[in-house]
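Work through the exercises below with the model open. Try each task before reading its solution.

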Amino acid sequence: MYGYSVFHNKLMMTLIESVRRNENANTYIFEGAQGLKKHDAALLFAKSLVCANTATAPCCDCPACHEAQGGSHPDIVFVEKEKDKATIGVLPIRDMITESLIKPFYNKHKVFIINEGDILTPQAQNAFLKIIEEPPQYAVFIIVCTNSQMLLETVRSRAVTITFTPVSDSDIREYIKTTYPDEARIDFLVKYSMGIPGYVDSIIGRDDFETLREEVLNLLPRLLSKNKSHAFEVSDYIEEHKDNASEIYDMMLMYLRDAIVTATGRPDKVINTDKAEKINILASKYTASMLTKASDELMIAKKMLERFIKASATALHAALMIK
Ligand SMILES: [Zn+2]
């Protein structure tokens, strides 16, 4: 759409229409799961805001649109965390505020995109509040995040929150066909990605996906066993793969889901059909309520991860609670 890979066309058209009518707000929160192309959506919105032809923005024809598309427009500013920092602290936000007091170089708007809004420190958010309480009329701030609840209520109450939800299976299917015309695993990817196009990209783009899938499936009996020492094995595995911890939890949840549908007589609903043999073993060895309990604990572990609790600790907690 207008040069970007976005899926929420209706939502984006509403935002674009507000720009065309000069009715846009100053502060937005783009919220939704990772992989929903929120960053592309923010770039598209920014392009509309800086376009020289407001009534038809983004016209995709003016110099501003070209620069926005090329990533070199001086009135589109990105706010990132400092190198070697796990959070976005007050310094990048103060720099942003200073920059926001300088009028746009070209047209009507100057746009600030804060990626990873979830990791803004409370101090950074309080500094941010000062500017959004009385923003320069030309400034538009977009916080991109997975969970707006990580932001202070005072920030949320001054922003328009735009929620990005998973996209339809047919949109995912179309995306795979056009983006990866040689891909053979279309049916699997449509089911597996659960409406998140970024999952498709990350699966197709890497070599270790199948290895990880197999290892995680083989780890599940450890997670479900009554033996407490197995909980430490699960935790050790997560520690070794801590950069993929969230993905591993998603894989485990999907296998458990497959085992539950098998155990309850709906094997046609299995997503990981190529792993049916091992899933059948799980389904026959454990009851549906035991598998559901394991799923619930993994969901809690995933939430803990989102709150930046150490990956191995989240796994140990889940594995011990399941026993
Ligand atoms: Zn334009």
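**Exercise 1: Two packed helices**

H10 and H12 are roughly perpendicular to each other. The model is predicted. Task: work out which values place H10 and H12 in this class, and which residues meet.

Solution.
- Step 1. Take the axes of H10 (residues 209-224) and H12 (residues 245-263): they come within 9 Å and cross at roughly 65 degrees.
- Step 2. Apply the cut-off: 65 to 115 degrees counts as roughly perpendicular.
- Step 3. Find the hand: H10 passes H12 in a right-handed crossing.
- Step 4. List the contact. H10 contributes residues including Phe 209, Leu 212, Arg 213 and Leu 220. H12 contributes Glu 247, Ile 248, Met 251, Met 252, Tyr 255 and Leu 256.
- Step 5. Sort the contact of H10 with H12 by class: 13 nonpolar, no polar and 3 charged residues.

**Exercise 2: H12 and its contact with H14**

Task: describe how H12 packs with H14 (residues 288-306).

Solution.
- Step 1. The axes of H12 and H14 are 10 Å apart, at an angle of about 165 degrees.
- Step 2. That angle makes H12 roughly antiparallel to H14.
- Step 3. The crossing of H12 past H14 is left-handed.
- Step 4. Among the contact residues are Tyr 249, Leu 253 and Ile 260 of H12, and Leu 291, Leu 298 and Lys 302 of H14.
- Step 5. This contact of H12 with H14 has 14 nonpolar, 3 polar and 2 charged residues.

**Exercise 3: The metal site**

Task: which residues coordinate the zinc ion, and what is the geometry of the site?

Solution.
- Step 1. The SG atoms of Cys 51, Cys 59, Cys 62 and Cys 65 coordinate the zinc ion at 2.2 to 2.4 Å.
- Step 2. Angles among the 4 donor atoms are 102 to 120 degrees, and the site is tetrahedral.
- Step 3. The donor residues follow the spacing C-x7-C-x2-C-x2-C in sequence.

Methods: Residues numbered from 1 in each chain as written. Predicted model: local features only at pLDDT ≥ 70, side-chain atom pairs only at ≥ 80, totals over all residues. Heavy atoms only, no water. Axes fitted to C-alpha atoms, helices over the stretch in contact; angles between N-to-C directions. Helix = DSSP H or I, 4+ residues; strand = E, 2+ residues; numbered from the N terminus. Parallel < 35°, antiparallel > 145°, perpendicular 65-115°, else oblique. Left-handed = near helix turned anticlockwise from the far one by under 90°. Contact = heavy atoms within 4.5 Å. Nonpolar A, V, L, I, M, F, W, Y, C, P; charged D, E, K, R; others polar. Donors = N, O, S within 2.8 Å, 3.2 Å for Na, K, Ca; no water. Tetrahedral: all angles 85-135°; square planar, octahedral: opposite > 155°, others 65-115°.
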